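Biologist: I would like a close look at a single part of this model. Please take the pocket and its surroundings in turn.

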Amino acid sequence: MACKANMKYKLILIVLLPFIIGYFIEGLMGLGMTRNNQLYLSIASMVLSFWIYGGIVFWFYVGRVFGSLNMNTIKSFILGNSAWGISFSLYIWQFRLLDETSRNFFLGGIAQHYVLGFVGWGSRILTLFTNHIQGIMALQIAYFLMLIVFSLGFYSALKSKSSKSY
């Protein structure tokens, strides 16, 4: 029973880790800018550089974890993307439905923190089509990249699970 509870906490932690890391990076950048401290900015830049690549590997792994769970496939997929869905809903609400003056900085920040590891990739993809990068569009692409990476990990776990059953 304790092992099952431990597993629930681990699943919650890995689903929330992108937000935690994004919040940490943004916090370091904020401290570096407000205090004019190069050390904070350098650490934030270094962690962000790692997270841009590590985030893809990690999110693929999260997809594999949820794809290998012994539960209904659809339920597992939705559970693995629950925080993503909440964050994406906040993003749509704050950046697509509201104008700049009506936005809540806290809620908008949550939406940005969660997908921070994928924003660099979203920007790169955007530069293939335009020279003018809009942050809102880069975030939207980043959200879809995050979903694709999770889905690929999820699908690969399902394939390996089905091949083991034969």
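What volume does the largest pocket have, and which residues line the largest pocket?

Modeller: This is a predicted model, in which local features need pLDDT of at least 70, side-chain atom pairs count only at pLDDT 80 or more, and totals for chains, interfaces and linings use all residues. Residues are numbered from 1 along each chain as its sequence is written, and side-chain values use heavy atoms, with hydrogens and water left out.

The largest pocket has a volume of about 200 Å³. A pocket here is an open set of points on a 1 Å grid over the protein atoms alone, where a 1.4 Å probe fits, with protein on both sides within 12 Å along at least five of seven lines; lining residues have an atom within 4 Å of a point. The volume is the space filled by probe spheres set on the points, which are joined across faces, edges and corners.

The lining consists of Lys4, Met7, Lys8, Leu11, Leu69, Asn70, Met71, Lys75 and Leu79. Helices α1 (2-34) and α3 (73-80) each supply at least two of the lining residues; helices are DSSP runs (H or I, at least four residues), numbered from the N terminus. The most comes from α1, with four residues.

Among the lining residues is Leu79, which lies in helix α3. Leu79 counts as partly exposed because its relative accessible area is 38%, between the limits for buried (under 20%) and exposed (over 50%), with a 1.4 Å probe and protein chains only. The C-alpha atom of Leu79 is separated by 8.0 Å from that of Phe66, 13 residues apart along the chain.
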